[in-house]
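Please look at the sequence and the structure together before reading on. The paragraphs below then lead through the model step by step.

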Amino acid sequence: MNRRDFLCCGAAMAAISVMTADFSLAAGSGQVQKLPKPAMQESKPLMECLALRRSSHVLGRGDVDMPALSNLLWAAWGINRADGKHVIPTALNKQQIIVYAVRGDGVWEYLPKEHAIKNVLAGDRRSAFDGAGLVLLYAAPKNDPYSAMHVGSMYQNAGLCCASAGLDNCVKHQKHDALDAELPLPSGWATIVTQSVARPQ
């Protein structure tokens, strides 16, 4: 290969690298981050959590830290048994649910088997919703008659987890599908509802 051909080949490879990098930036890095173990011992009694559970309509903008995120995601959709079943019941054990965490550093899919999160969209997308420090997206098949029941169990668990941790939260349907066109959702799936979470202001 002569020098001219080498330089042309190098330029072409650089262009491909740039295009690939741009696509990766838009779609999310695919990075998987292990979450801390859920804090099983650091909790208020159930009846106190029920007494404290409420919706907050003025939510802070600061990021929710990783230990709190770990507890919330596990409470909503974690695995609590050796047979792989979850903390919430699912009809016919179909387990057809995905939870996404919208944070300042991107949108992350919760991987319950690994208790980890995977980056699926880059950038701070919280302004697509209400700008709260953390927005949880609960996605499920649109035509499954049990989807709403499953999601309701999830956000109730997360709400009780917020009460235990002293976090504000609010379940919302407004703009719930704001990122559906960009998320790697299976065909026929949609975000059913969102849950905004924040440290008290």
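**A guided reading of the model**

The sulfur of Cys-162 lies 6.1 Å from the closest cysteine sulfur, that of Cys-161, and this is too far for a bond. A disulfide is a pair of cysteine sulfur atoms within 2.5 Å, and by this rule the count comes to 0 disulfides. Cys-162 counts as buried because its relative accessibility is 0%; buried means under 20% relative accessible area, exposed means over 50%, and partly exposed is in between (1.4 Å probe, protein chains only). Cys-170, at 3% relative accessibility, also counts as buried.

The model is predicted: local features need pLDDT of at least 70, side-chain atom pairs count only at pLDDT 80 or more, and totals for chains, interfaces and linings use all residues. Residues are numbered from 1 along each chain as its sequence is written, and side-chain values use heavy atoms, with hydrogens and water left out.

The overall plan comes next. The secondary structure comprises 4 helices and 7 strands; helices (H or I, at least four residues) and strands (E, at least two) are DSSP runs, numbered from the N terminus. In order from the N terminus, the elements run α-β-α-α-β-β-β-β-α-β-β. The protein has 201 residues, of which 45% count as buried. Of the contacts with a separation of 6 or more, 74% join residues 24 or more positions apart, where contact means heavy atoms within 4.5 Å.

Consider now helix H4, residues 147–165. H4 has 19 residues and spans 27 Å from its first C-alpha to its last, close to the 27 Å expected at 1.5 Å a residue; the expected span is 1.5 Å times one less than the number of residues. Among its buried residues are His-150, Met-154, Ala-158, Cys-161 and Cys-162. What covers the buried residues of H4? The cover includes helix H2 (46–52), H3, S2, strand S5 (134–141), strand S6 (168–172) and strand S7 (189–198). Just after H4, Gly-166 takes a positive phi of about 75°.

Helix H3, residues 66–77, is one of the elements that cover H4. H3 has 12 residues and reaches 16 Å from first C-alpha to last, close to the 16 Å expected at 1.5 Å a residue. This helix is mostly covered, with 9 of its 12 residues buried; these include Met-66, Leu-69, Leu-72, Ala-75 and Trp-77.

How are two packed helices described? They are described by the angle between their axes and the distance between the axes. The axes of H3 and H4 come within 7 Å and cross at roughly 145°; axes are lines fitted to C-alpha atoms, for helices over the stretch in contact, and angles run from 0 to 180 degrees between N-to-C directions. The crossing of H3 and H4 is right-handed: a crossing has this hand if the near helix is turned clockwise from the far one by less than a right angle, and is left-handed if anticlockwise. On the H3 side the contact is made by Asn-71, Leu-72, Ala-75, Ala-76 and Trp-77, and on the H4 side by Met-154, Asn-157, Ala-158, Cys-161 and Cys-162. These residues divide into 8 nonpolar, 2 polar and no charged, where Ala, Val, Leu, Ile, Met, Phe, Trp, Tyr, Cys and Pro count as nonpolar, Asp, Glu, Lys and Arg as charged, and the others, Gly among them, as polar.

Two loops deserve attention. Leu-92 is in the loop between H3 and strand S2 (98–103) and has a positive phi of about 60° although it is not a glycine. His-115 is in the loop between strand S3 (106–111) and strand S4 (116–121), and its phi, near 45°, is likewise positive in a residue other than glycine. Is each of these residues buried or exposed? Leu-92 is exposed, with a relative accessible area of 68%, whereas His-115 is buried, at 11%.

In strand S3 lies Glu-109, which counts as buried at 19% relative accessibility. Glu-109 touches Ile-98, Val-99, Tyr-100, Ala-116, Ile-117, Lys-118 and Val-120, not counting residues up to four places away in sequence. In strand S4 lies Asn-119, buried with a relative accessible area of 6%. Asn-119 and Asp-105 are 14 residues apart in sequence and 9.0 Å apart in space, C-alpha to C-alpha.
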